[in-house]
Amino acid sequence: MRWSSQDHAWMARAIRLAREGLFSTDPNPRVGCVLVQGDALVGEGYHQRAGEGHAEVNALRMAGERARGCTAYVTLEPCSHQGRTPPCADALVRAGVTRVVAAMVDPNPQVAGRGLERLRSVGISADSGLLEAEARSLNPGFIRRMETGRPWVRLKLAMSLDGRTAMACGESQWITGSAARADVQRLRARSSAILTGVDSIVLDDSSLTVRPAEAGFSAEETAAIGERQPLRLVLDSRLRMSPSARILDQPGRTLVVTCQSGTQAEAAALVARGAELLCLPGADGRVDLAALLDWLGAQQCNELLVETGATLAGALVAAQLVDEIVVYMAPKLLGSGARPLLELPFERMAQQIPLQVEEMRQLGADIRFTLKPQYPQSTQEQL
């Protein structure tokens, strides 16, 4: 399919619109739509929240009667099934749209090409593939969940120039500066859930909340986030978390994940403080991490942010369960006695895991690396 320069420009606008829903559409995908009559924009919209109008519906509402005979540019194939809202493909048909360009086919098995087929069945020109890579980058978690049943796993790490994350005693605040910490707030805000290990709670008493005031969010972004907090998960195989932990005082849900029930008193104390308990299979006193990802996928978790210490981070990488690594590197030296970035007891060069550099960006004095592990013999599809 050959696309015109106008096609590229209008789809790029739709992708920019879709990004407006970065923090608010979960568990739905981020989608934008632009309606064009000739060379003129007649309507545009994006999906804002689950249960509310999809991008196409919002754009059609703006266009009104001007939608008849127009071209619709949408970042994801229009849905063809009844969910919380009616099918968008049917809405486009009723509006009299004559051409639809989708950036990508919907990976949801309930759609998966049926939306485009519905449009073609009534004579509407319907094609996909324009700026597909950019559209896929909007929704790595939704795509991964639809294709594998698991969320996209993003591991966030902060380190000194010599690859250390904390002093030997556990002291780690602060390695990075305020700009990097504000950026982490944005990672949290876009995530469905945040995972940490109990040691991080014991040492740092982390709250793992989204705090818009600390992130420099715009008024529009703050409004989009609203009261939403990602699900917080604490991996605690032996129920060592204190009932007085600060994370239990925060708004939103905190789930303590264990592989053994512990004593009735320990469990009851955590539940009394508002925690929820999840017992999953495990071996050698450790929770089965793959089983946890399966459970999260079943809960419609799209993007899982992991903020944790070297042990759990290393275990996830060793199990090839991490899709993306975000590293904030500070221009500091913590010394050879400080704690390492990951616990990966490799002994031979053949065990190394190459990392594909997706992006490097300076944030204040720090540098953020966005990396994708290139696992050996990995069957994971690269997004």
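In the predicted model, Cys79 lies in the loop that connects strand E3 (71–74) with helix H3 (88–95). The residue is buried, its relative accessible area being 8%. Beyond its neighbours within four places in sequence, Cys79 makes contact with His54, Glu56, Pro86, Pro87, Cys88, Ala89 and Val111.

Cys88, one of these contacts of Cys79, belongs to helix H3. The relative accessible area of Cys88 is 0%, and this residue is therefore buried, the limit being under 20%. When residues up to four places away in sequence are not counted, Cys88 touches His54, Glu56, Val57, Pro78 and Cys79. An unreviewed UniProt entry assigns the feature "binding site" to His54, Cys79 and Cys88. These positions are spread over 35 residues of sequence but cluster in space, with a largest C-alpha distance of 9.3 Å.

Burial was also examined for strand E14 (residues 303–307). Because 5 of its 5 residues are buried, E14 is largely enclosed by the rest of the structure. In a regular strand, side chains alternate between the two faces of the sheet. Both faces of E14 are covered, with Glu303, Leu305 and Glu307 buried on one side and Leu304 and Val306 buried on the other.

Strand E14 pairs with strand E6 (residues 152–160), to which it runs parallel, through 5 bridges. Pairing between E14 and strand E8 (residues 193–197) is likewise parallel and comprises 3 bridges. Leu304 of E14 takes part in both pairings: Leu304 is the bridge partner of Val153, and Ala193 stands opposite Leu304.

Methods: Residues are numbered from 1 along each chain as its sequence is written. This is a predicted model: local features need pLDDT of at least 70, side-chain atom pairs count only at pLDDT 80 or more; totals for chains, interfaces and linings use all residues. Side-chain values use heavy atoms; hydrogens and water are left out. Buried means under 20% relative accessible area, exposed over 50%, partly exposed in between (1.4 Å probe, protein chains only). Helices (H or I, at least four residues) and strands (E, at least two) are DSSP runs, numbered from the N terminus. Two strands pair if DSSP finds at least two bridges between them. UniProt positions are given in the numbering used here, feature names are shortened, and annotations may be inferred rather than shown by experiment. Contact means heavy atoms within 4.5 Å.
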